[in-house]
Amino acid sequence: MVALRTRTPKGPASGHRKRKESSRRWLRRQHADPFVLKAREQGLRSRAAFKLRQIDDHHRLLAPGRKVVDLGAAPGGWSQIAARRVSGPGNVPVVALDLVPINPIPGVIGIVGDVADDEMVPRILHALGGRADIVLSDMAAASTGHAATDRLRAIALCEQALAMAESLLATNGTFLCKVARGGTDSGLLAAIKTRFRRVKHVKPLASRSESAEIYLLAIGYRATDFD
């Protein structure tokens, strides 16, 4: 009788093991991450809050009285920072939009909806009581593990965020959006430069060095077609 040599299957079981190992690596990294620890100590919803804080410390985007929209806001780390820095007389709100409900945050109006839904624009403008001074987007698509595909997804999200920003921003407003390493698609970047006076890419220290994320900062919106 001839003995048959068997192979370890590379089906769902091996894929499950890889996912479990990936989850373990993520947990180890989270437990060792100083920004995760600081976020817990300071009552912040996520480590991402430090990214906005560092960008704002350098570029001075947020100030009392400015109206802010946070796209893809859950769990609310960016909204927390924005609300703390724009709060002042008149109780100007931060409007946070996401597909899932966000637990209440002082100074933040949460709206459940899709950034691609045109019906969200009038709802946000009503909640703000006027046009926004700043539109933020820290939205991220689920990673596929394929760099080119992930970059295209990041660009697509940025395009959606930009389309909404153009419907929401007041003249001279600011747009801050997550994109992928390597910067923004050349066509999208050219379009943004025609609508804003200054455009640059920034990467805060709280953004992990190995992460592909980078942020596009566009300042001085040239609003020409308001109704």
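How do the residues of the lining of the second largest pocket divide into nonpolar, polar and charged? In this predicted model, local features need pLDDT of at least 70 and side-chain atom pairs count only at pLDDT 80 or more, while totals for chains, interfaces and linings use all residues. Residues are numbered from 1 along each chain as its sequence is written, and side-chain values use heavy atoms, without hydrogens and water.

**View 1. Lining of the second largest pocket.** Eight nonpolar, three polar and two charged residues form the lining, where Gly counts as polar. Of these 13 residues, Gly72, Asp98, Leu99, Val115 and Met139 lie nearest the centre of the pocket. A pocket is an open set of points on a 1 Å grid where a 1.4 Å probe fits, with protein on both sides within 12 Å along at least five of seven lines, and lining residues have an atom within 4 Å of a point. Strand 2 (94-98) and helix 6 (147-168) each supply at least two lining residues; helices (H or I, at least four residues) and strands (E, at least two) are DSSP runs.

**View 2. The largest nonpolar core.** Among its 34 residues, Ile124, Val135, Met164 and Phe175 have the most contacts inside the core, and helix 6 gives the largest share, eight residues. Such a core joins buried residues (under 20% relative accessible area, 1.4 Å probe) through side-chain atoms within 4.5 Å.

**View 3. Surroundings of Met164.** Leaving aside neighbours within four places in sequence, Met164 is in contact (heavy atoms within 4.5 Å) with Leu71, Leu97, Val115, Asp117, Met120, Val121 and Ile124.

Note on methods: Buried < 20%, exposed > 50% of the residue type's maximum accessible area, 1.4 Å probe, protein only.
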